[in-house]
Amino acid sequence: MTSSLLRPRRLARACSAAAGGDAGRDAAGSTVPTRILDWQDARVTALVRSIAATADEGRAVPVHAGQVEALRRAHRRIAEVVQPVYSVQDDRPVSEVLRRNRGSCSQRLAVLEAVARAYGVPTRVRGLLVDGTFWYPRFPRMRQLVPDRVLLAWPEFRIEGGARNGSGHWLTVSELFGDLGELSGAVGGGFTNAGAETLFEALSRTAIDWDGATVCPTDGAACDLSAYVLADLGHFNSRDELFSLHGQALCGMARLLAEPVLGRRTASGR
């Protein structure tokens, strides 16, 4: 069973508030740097330059298509240069993640957000409280140390133009590599949260569906992860804002004790 002792009290209040109808707040998003999304740091700007160097500048594409392709390149580059580990410091600045060359899925998603903001693409996050049992396959012998609920900051990007009447629209990171229906038909089924593939890498291969709108083939893992969502906290202008209001997945003492071990434990099996 999971443990309720390791999570901040604010997560329990957040879940109760969402159940009472207080969720659904909206957010305009932003491109400004924050403490976590410190995209003006030299390490982040160097990453942005390295991503730009791989672009095919000879093609003429619509602005919205160019933005999406740039974010896809950024995702692939981050997957290459930032080793996946089980770090529990969700509020670690992106520049520090890059200095260490390792990060959790949450931290690597933050790197992607920082790169997007450096490109001038506004970002925001959707706050989801996810059942701790979702992480059982990662920690089969440590289930009692898994928090009963985990706060997930799920990024969205404000893309200019496109098919939606030519106006800007919010693109969830789940659909960065295609719509959910298309991704759900990928070979291998959905995301198992076990083995070498992490949630960050899985985004480019399969549907990550927190809302129950997608059905994967029955011969593979499920794409519909909505059963794990305990509460939808709505949207926030940044993950800084979300964590400031609701805390991180683990309480401060648990993070202090766990980070020296989990922060170096690889999540990819490499």
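Guide: We can start with Phe 134, which has a relative accessible area of 4%. Buried means under 20%, so Phe 134 is buried. Keep in mind that this is a predicted model.

Visitor: What makes the pair of Phe 134 and Trp 210 edge-to-face?

Guide: The structure holds five aromatic pairs. In the pair of Phe 134 and Trp 210, the ring centres are 5.7 Å apart and the planes stand at 70 degrees. Centres must lie within 6.5 Å for a pair, and planes over 60 degrees apart count as edge-to-face. Both values meet these limits, so the pair is edge-to-face.

Visitor: Which parts of the chain does this pair link?

Guide: Phe 134 is in the loop between strand S3 and strand S4, while Trp 210 is in the loop between H7 and strand S6. The two residues are 76 residues apart.

Visitor: Why is Trp 210 called buried?

Guide: Its relative accessible area is 4%, and the limit for buried is under 20%. Trp 210 is therefore buried.

Visitor: What makes Trp 154 and Trp 210 an edge-to-face pair?

Guide: Their ring centres are 5.6 Å apart and their planes are at 85 degrees. The angle is over 60 degrees, so this pair is edge-to-face. Trp 154 lies in strand S4 and Trp 210 in the loop between H7 and S6, so the pair ties together parts that are 56 residues apart in sequence. Trp 154 counts as buried, at 2% relative accessibility. Phe 134, Trp 154 and Trp 210 are among the members of one aromatic cluster, which also includes Trp 135.

Visitor: How do you know that helix H5 is largely enclosed by the rest of the structure?

Guide: Of the 14 residues of H5, 12 are buried, so the helix is largely enclosed. Among them are Arg 108, Leu 109 and Val 111.

Visitor: How does the reach of H5 compare with the span expected?

Guide: H5 covers residues 105–118 and reaches 20 Å from its first C-alpha to its last. That is close to the 20 Å expected at 1.5 Å a residue.

Visitor: What does Val 111 touch?

Guide: Leaving out residues up to four places away in sequence, Val 111 touches Leu 47, Ile 78, Val 94, Val 97 and Leu 98. Val 111 is also one of the residues that touch the most other members of the largest nonpolar core, which has 62 residues.

Visitor: What joins the side chains of Arg 108 and Thr 198?

Guide: A polar contact of 2.9 Å joins them, and the limit is 3.5 Å. Thr 198 lies in the loop between helix H6 and helix H7. At 2% relative accessibility, Thr 198 counts as buried.

Technical notes: Residues numbered from 1 in each chain as written. Predicted model: local features only at pLDDT ≥ 70, side-chain atom pairs only at ≥ 80, totals over all residues. Heavy atoms only, no water. Helix = DSSP H or I, 4+ residues; strand = E, 2+ residues; numbered from the N terminus. Expected span 1.5 Å × (residues − 1). Buried < 20%, exposed > 50% of the residue type's maximum accessible area, 1.4 Å probe, protein only. Polar contact = N/O pair within 3.5 Å; in protein donor to acceptor, adjacent residues only side chain to side chain. Core = buried A, V, L, I, M, F, W, Y, C linked by side-chain atoms within 4.5 Å. Contact = heavy atoms within 4.5 Å. Phe/Tyr/Trp six-rings, centres within 6.5 Å; stacked < 30°, edge-to-face > 60°.
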